Amino acid sequence: MAPAAADELCEALQKLVLKFKPFGITGTGVNHFDQKTIYAAVDSNESLLALQQSLQSLLVRLNLRTDRPDRKYTPHLTLAFKDLNKVKFKPAFQFLKAQNISLEFEASQIVLLQHSGKRWLMARKFSLWSLP
């Protein structure tokens with residue numbers, strides 16, 4: 001991404017997060033997308049969906065690449081993404097599924113990630129609106 005586009009995105013994200021208060025995240029279990037991604041399931045809630053829709057609209061407005069428009073949003077926390085080959089995927093999924101993963105935490109910030117060519121790196125954090 002060009003530096004000017006990155007600056008524009010960061011400025012827009014900083015304004016957007018001020019419209020959202022921290023909110024609770026809960027979830028139970030593990031699932032997967034195809035044979036590439038293993039994730040912890042996250043329960044959908046009004047605040048999470050509103051944030052996702054606002055982020056999606058922002059990316060479209062800035063002409064930045066987004067997921068396919070026909071793809072349904074599935075709230076989740078990625079545990080493994082293309083880290084596993086086909087031989088290791090099934091045992092890893094079965095192992096994680098047996099862990100009875102349960103989530104409960106407060107979402108108080110969003111993080112902009114940047115891909116290094118090998119892995120995702122944290123580029124910048126944006127705190128959701130909160131009282132001092």
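Helices (H or I, at least four residues) and strands (E, at least two) are DSSP runs, numbered from the N terminus. I kept in mind that this is a predicted model, in which local features need pLDDT of at least 70 and side-chain atom pairs count only at pLDDT 80 or more, while totals for chains, interfaces and linings use all residues. Residues are numbered from 1 along each chain as its sequence is written, and side-chain values use heavy atoms, with hydrogens and water left out.

**Entry on the helix pair**

I looked up the geometry next: helix 1 (residues 3-17) and helix 2 (residues 46-61) pack at an angle of about 150°, with their axes 11 Å apart. That makes helix 1 roughly antiparallel to helix 2, a label given to angles over 145 degrees, whereas those under 35 count as roughly parallel, 65 to 115 as roughly perpendicular and the rest as oblique. The axes are lines fitted to C-alpha atoms, for helices over the stretch in contact, and the angles run from 0 to 180 degrees between N-to-C directions.

I then listed the residues that touch, where contact means heavy atoms within 4.5 Å. Helix 1 brings Leu9, Ala12, Leu13 and Leu16, and these meet Leu51, Ser54, Leu55, Leu58, Leu59 and Arg61 of helix 2. The residues of this contact divide into eight nonpolar, one polar and one charged; Ala, Val, Leu, Ile, Met, Phe, Trp, Tyr, Cys and Pro count as nonpolar, Asp, Glu, Lys and Arg as charged, and the others, Gly among them, as polar.

**Entry on the whole chain**

I found three helices and seven strands in the chain, and read along the sequence they follow the pattern α-β-β-β-α-β-α-β-β-β. Of the 132 residues, 24% count as buried, which is to say under 20% relative accessible area, with exposed meaning over 50% and partly exposed in between (1.4 Å probe, protein chains only). Among contacts between residues at least 6 apart in sequence, 66% join residues at least 24 apart.

**Entry on the cores**

Which residues have the most contacts inside the largest nonpolar core? They are Phe23, Leu58 and Ile110, in a core of 20 residues. A nonpolar core is a set of buried Ala, Val, Leu, Ile, Met, Phe, Trp, Tyr and Cys residues joined through side-chain atoms within 4.5 Å.

Leaving aside its neighbours within four places in sequence, Thr37 is in contact with Asn31, His32, Thr78, Ala80, Phe81 and Phe89. The C-alpha atoms of Thr37 and Phe93, 56 residues apart along the chain, are separated by 9.4 Å.

**Entry on Lys125**

I placed Lys125 in strand 7 (residues 120-127), and with 47% relative accessibility it counts as partly exposed. Not counting residues up to four places away in sequence, Lys125 touches Gln109, Ile110 and Val111.

**Entry on two positive phi angles**

Asp34 is not a glycine, yet its phi is about 45°; Asp34 sits in the loop between strand 2 (30-33) and strand 3, and at 59% relative accessibility it counts as exposed. Asn63, also not a glycine, has a positive phi of about 55°; Asn63 lies in the loop between helix 2 and strand 4 (76-81), where it is exposed, with a relative accessible area of 71%.
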